[in-house]
Each structure stands twice: as structure tokens, then as C-alpha cells.
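Here is a short briefing on one protein model. Look at the structure first, then read the points below.

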Amino acid sequence: MMDFETMDKEYVLQTYARNYVNFKHGINATLFDDKGRDYIDFTSGIGVVSVGHGNQRLADAISDQARNIIHTSNLYMIEPQARLAKKINELTGYDVAVFFGNSGAEANEGAIKLARKYGEKKFANKKYKVLTLEHSFHGRTITTVKATGQESFHKSAFAPYPEGFSYTKEIADLYNAIDEETVAVMIELVQGEGGVKAFPKADIQALAKFLKEKEILLIIDEVQSGVFRSGEFLATSLYEIEPDIITLAKGLAGGVPIGAVVTKHKDIFEAGDHGSTFGGNFLSTRAGLEALAILEEYKQSGMLDEALIYFDSKLKATCKAFPSLFESVEGLGLMRGIKCQNGDILASVIKKAFEHGVLVLKAGKNTLRFLPPLTISKEEMDEGFKRLENACQALL
């Protein structure tokens, strides 16, 4: 019989440099492979498994929905979609409407389309250009790759790319880059793939104020930072701004594919302007409702805030313990990073951590990234950081 690694290499397009561990089940922030070995998961599927692996409440909601209706289409009313949109409206704290897709890239595509239609409806001379930052990441479709400011993603093999995107190195540079054709600025408040860099609050507030005065849209990509990962439903709330458009995905349905365009501009899109076959179907939005219910209760209980504080203390202690490997702690909430001395050290730490039974990620050129399930327990944090420290010790 063909083994699974051979099967994958033979029949799956090889777009990922895989680690061929075969996970079979999980409990909260702990995964188990086919040999029975356990791993502390500080990755949560790159920020997706917000309520932990094997969450019984989420599994029951998905199972219940699957027994009734998984999918009809957006040609008909979808009750859990309407309920999820209403819940997102309530959690944002201001009046918004939502379009549902299947991923963060789709959400960002939708945001760009919305912005460009705004640029045509609002101004006598259409505005269509979108400004982003050099170290940003907004997706892997042709358009969102072009919106991504990292030059390494703009491979010639996939050219030509859509026009209307440009990048600046810093927030301060955006002001001079805006011209008469600029319709929107799209940024992450915490750059995920770009190195887990959280921008200063004052800089973001000043930018938001300036753009509002110019009637230029502010799009905040919260695909990774949203859905309580910052400690609040939106990182936007921590920055005390109200963007024109917010994009969500990853943790919104605990692992079921979903994406969302959230906007104050409720009258820009008309019937036929945008769509998604699977977007917002019964299964994904029912999962979204349950995931948000779990996380809202967790937040209100005070346990999420406790987890953030405890994780931060463990992170800083680990960074301080290995000055020859690490420089500084980055990020906020449970979207965190430790900046390594160089990229070679980062690669070695990730490899050695896996060997010691803890899963961590890469961000940017030299940042060790942590995106644990939001429901991770103190016991799992203790064990995960113990294993990470043992891995680091083995590298000295």
C-alpha cells in the first residue's frame, strides 16, 4: 500500500514545503500524531483554530447543521448568515453590513472591489488606486498578491498583475504617496507575515483622521488580528478607530472556511456586483455563530485576558533566557512573535522545537511567530514553553 507521504507527493500539487507529520486528533492546544506523540500547538492552523482542536460545542453545532442543511445558495435567505452578520455588527460597536466569502484573500478582494466602486460613485473622476505597505500581506490571488507589498510575492511567472497598487515603507510615507486617483489605504494593524509588527496607536489614529478628511477609504485587514486574537473582537477597537472596511477570516468559524467584508458603506454594492457560491452558507455561518458565542463567553469571563497576560509573561521570559538567539518580543494579544538574531537561528529554532514537540511558525525574515488557540490553557502554555526552552537549550 502506498504511504501517505508518497500519495501526497504524487497526487497533490506541490505548492507547500510540507512537514509530513500525520496528525490524527487534537484536544484544545494539543495535537496527537499517528504514532501517539503529542505536540503543543502554538500555531492553531496559522491563526484559524480559535476555539481549540476538537471543541465539542463547535463540533456539535457543525454536526447539527450538517444533518439539516449544509448549503442551498445565496439566491435564498440563509438564517445563520443573517444572524452572524447581526452578531458581527453588534461586536464591532458601530453600524456595519457584511458580505461573506470563504477566505481572507476573498475578503480582501471584496474590499478592493467595494473601494473601487465607491471611487466611481463618489467622485466625478473615478478614483481606483489602493496604497499598502511594503511588508504587508493580503492574500495569494492575483489581485491580493499585487496588493501585498512584499516584492518576493510578485513573481514574474504570474505577471501581468492588475494595475492600481503601490506601496510605501512606513505609515508616515503614505501621506505623500496619495494622489488624485487614490481611493483607499489598506493596512494591517499588526503585520502577520511581515514580522508580527504592531503599529503605534497614535500613527494609526492620525492616518485615520487624515483619510476621513480626504474621503479616502481606510481598509483594515484583520484577517489574522481579528476575532478576539488581539484581546478584543477587533484590534481596531484597541486603536480606537472606525475604518470604512474591515476584512475578517481565519478564526471566525474555528476552522471552517469563511471570510467577511465588514463595512460602514452599506449602499455601495448592488445585486449582481459581487458573489460567492459557497460564501456564507449554512454550515460556515452556523460554525461562525458558535465560535463567536464561545469566544464572547470566554472574553466576558475574564479568562481570555488572563491567557493574554500569562502568555506574554512566558514569551518574555523565554526571550530573556536566550539572548544569543533572541532580540525582542513583538505583537499583541495572542498574535505574537520573538525576533531572532538572524534567519538561520529562526529556521533552527522551528526545526528543533518540532523535534521537542512544540509547533511554532515563521514570520518575515527572522521572527518566530506564535498564534495559539485563544482557549489555550495555562498547563498547555507551561508545557509548550518548557519544550521550546529545551529546544533552545539544545541549540546552544
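Buried means under 20% relative accessible area, exposed means over 50%, and partly exposed lies in between (1.4 Å probe, protein chains only). This is a predicted model: local features need pLDDT of at least 70, side-chain atom pairs count only at pLDDT 80 or more, and totals for chains, interfaces and linings use all residues. Residues are numbered from 1 along each chain as its sequence is written, and side-chain values use heavy atoms, with hydrogens and water left out.

**Backbone**

- Most residues other than glycine have a negative phi, and most peptide bonds are trans.
- Ser 44 has a positive phi, near 45°, and is not a glycine.
- Ser 44 sits in helix 2 (residues 44-47); helices (H or I, at least four residues) and strands (E, at least two) are DSSP runs, numbered from the N terminus.
- Ser 44 is buried, at a relative accessible area of 0%.
- Glu 215 also is not a glycine, and its phi is positive at about 60°.
- Glu 215 lies in the loop between helix 8 (201-214) and strand 10 (217-221).
- With a relative accessible area of 38%, Glu 215 is partly exposed.

**Cis peptide bond**

- Ala 159 and Pro 160 are joined by a cis peptide bond, with omega about 5°.
- Pro 160 is found in the loop between helix 6 (142-147) and strand 6 (165-168).

**Near the start of the chain**

- Met 2 is in the segment before helix 1 (4-11).
- Met 2 is partly exposed, with a relative accessible area of 34%.
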